[in-house]
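Reader: I am new to this protein and would like to get to know it through some questions. Could you show it to me, please?

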Amino acid sequence: MTETTISPDAPLYIVLNAGSGAAEKDERRAAIEEVLTAAGRRFHLHLVEDGGELDDAAIAHAGKACANGGILVAAGGDGTINAVARQAVQHGCPFAALPQGTFNYFGRTHGISEDLTEAVQGMLAATVRHVQIGSVNGRIFLVNASIGLYPKLLEERESDKKQYGRSRVVAFLSALKTIFLPHRRLRLTLEAEDRTLQLRTHTLFVGNNRLQMEQVGLTDQAPDVADGELAAVAPKPAGKLGMLGIVLNGALGRLGDTGDVVTFGFRRMTVRTPFYGRRRIKAAVDGEVLTLSTPLHFEALDGRLRLLVPPSSPPETLP
């Protein structure tokens, strides 16, 4: 995995998601500006008040970063980081992340602090590491992509967070609630290099984050994730109580010991579903729920993202 240095004078083009409240927004903005101003670093900070403007802001600032030898920066949760990183990949400019979400798997994997002031300070001393991303039908993901129950779970989780606040406890309780809502099983054909699988499952999860895989207990699959391969994870068919057991074992880091899931690594995979008159399917990509056309084509793209990592972060070392 290659690393390169970057000019200490490169301007920073920062896209900051406003977050859930005015106080939080002002606090985050002040923290970023204070560190950069004290360091004498050139920067342009764009505050996104409306989530619908995020893509346009990312495109505009990626263009400026590319034209001026700068760095594109995302400050927000995994969805914000994905949207801005997507433009960094498409424009070919270096990218930095200031993680401010609930789980922050991407930032934690690469040693980026969840404390905003520390993250900005680390960014100023960072080197560029070429890291792997995943792709589904041309749409990149940094952490994971999925179909089936998981997108529904994310929709319910966002609704619950707006009502009860953003925390990992709220996210977990929301997942338990979603399991007991009505949902259908998927019939899938997976074609991945040397294998073809026919399976029925409630959800298909494709991971690009070693830390997330290890935390749910899939330690045997974790070493190859983000090192040339993606990981496919599909729970075996189960009733509501069985699914509850799978979620609880995942939360306790014991999913790999149960035999309740099908898992394997791959570089490229095509996922086919019976049409039944429909050729589109709901998917979750780094926490964003969208609709994709079938069949789905997954691919591991090695070294495509030029990520700034703090000097204390060895390649792919987990906290």
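Reader: How many aromatic pairs does the structure hold?

Author: Happy to start there, with a reminder that this is a predicted model. Two rings count as a pair if their centres lie within 6.5 Å. By that cut-off, the number of aromatic pairs in the structure is three.

Reader: Is the pair of F141 and F298 stacked, tilted or edge-to-face?

Author: The ring centres of F141 and F298 are 6.4 Å apart, and their planes make an angle of 75°. Planes over 60 degrees apart count as edge-to-face. So the F141 and F298 pair is edge-to-face.

Reader: What kind of aromatic pair do F264 and F266 form?

Author: F264 is buried, with a relative accessible area of 6%, and F266 is buried at 0%. Their ring centres are 6.2 Å apart, with 55° between the planes. An angle under 30 degrees would count as stacked and one over 60 as edge-to-face, so 55° falls in the remaining class. The pair of F264 and F266 is tilted.

Reader: Let us turn to the cysteines. How many disulfides does the structure hold?

Author: A disulfide is a covalent bond between the sulfur atoms of two cysteines. For C66, the closest cysteine sulfur is that of C93, 6.1 Å away, which is too far for a bond. C93 is in no disulfide either. The number of disulfides in the structure is zero.

Reader: Where does N209 lie, and is N209 buried or exposed?

Author: N209 is found in the loop between β11 (203-207) and α8 (210-215). Its relative accessibility is 2%, and the cut-off for burial is under 20%, so N209 counts as buried.

Reader: Which side chain makes a polar contact with the side chain of N209?

Author: Leaving out residues up to four places away in sequence, N209 touches Y105, F106, T109, V143 and V225. A polar atom of the N209 side chain also lies 3.2 Å from the backbone nitrogen of L211. The side-chain polar contact, at 2.9 Å, is with T109.

Reader: Which residues of helix α5 are buried, and on which side of α5 are they?

Author: Helix α5 covers residues 116-124. At its start, a side-chain oxygen of D115 reaches to within 3.3 Å of the backbone nitrogen of T117. The buried residues of α5 are L116, A119, V120, G122 and M123. They cover an arc of only 160° around the axis, which puts them on the same side of α5.

Reader: What is the phi value of N104, and is N104 buried or exposed?

Author: N104 belongs to the loop between β5 (95-99) and α4 (105-109). With 2% relative accessibility, N104 counts as buried. Its phi is positive, in a residue other than glycine, and is near 55°.

Reader: What is the phi value of N137?

Author: N137 lies in the loop between β6 (127-136) and β7 (139-141). N137 is partly exposed, at a relative accessible area of 32%. N137 is not a glycine, yet its phi is positive, near 50°.

Reader: Which residue does a cis peptide bond join to T294?

Author: The bond in question has an omega of about 0°.

Definitions and conventions. Residues are numbered from 1 along each chain as its sequence is written. This is a predicted model: local features need pLDDT of at least 70, side-chain atom pairs count only at pLDDT 80 or more; totals for chains, interfaces and linings use all residues. Side-chain values use heavy atoms; hydrogens and water are left out. Buried means under 20% relative accessible area, exposed over 50%, partly exposed in between (1.4 Å probe, protein chains only). Helices (H or I, at least four residues) and strands (E, at least two) are DSSP runs, numbered from the N terminus. The arc is that of the directions from the helix axis to the C-beta atoms. A polar contact is a pair of N or O atoms within 3.5 Å; within protein, one must be able to donate a hydrogen and the other to accept it, and residues adjacent in sequence count only if both atoms are side-chain atoms. A disulfide is a pair of cysteine sulfur atoms within 2.5 Å. Contact means heavy atoms within 4.5 Å. Rings of Phe, Tyr and Trp (its six-membered ring) pair if their centres lie within 6.5 Å; planes under 30 degrees apart count as stacked, over 60 as edge-to-face and the rest as tilted.
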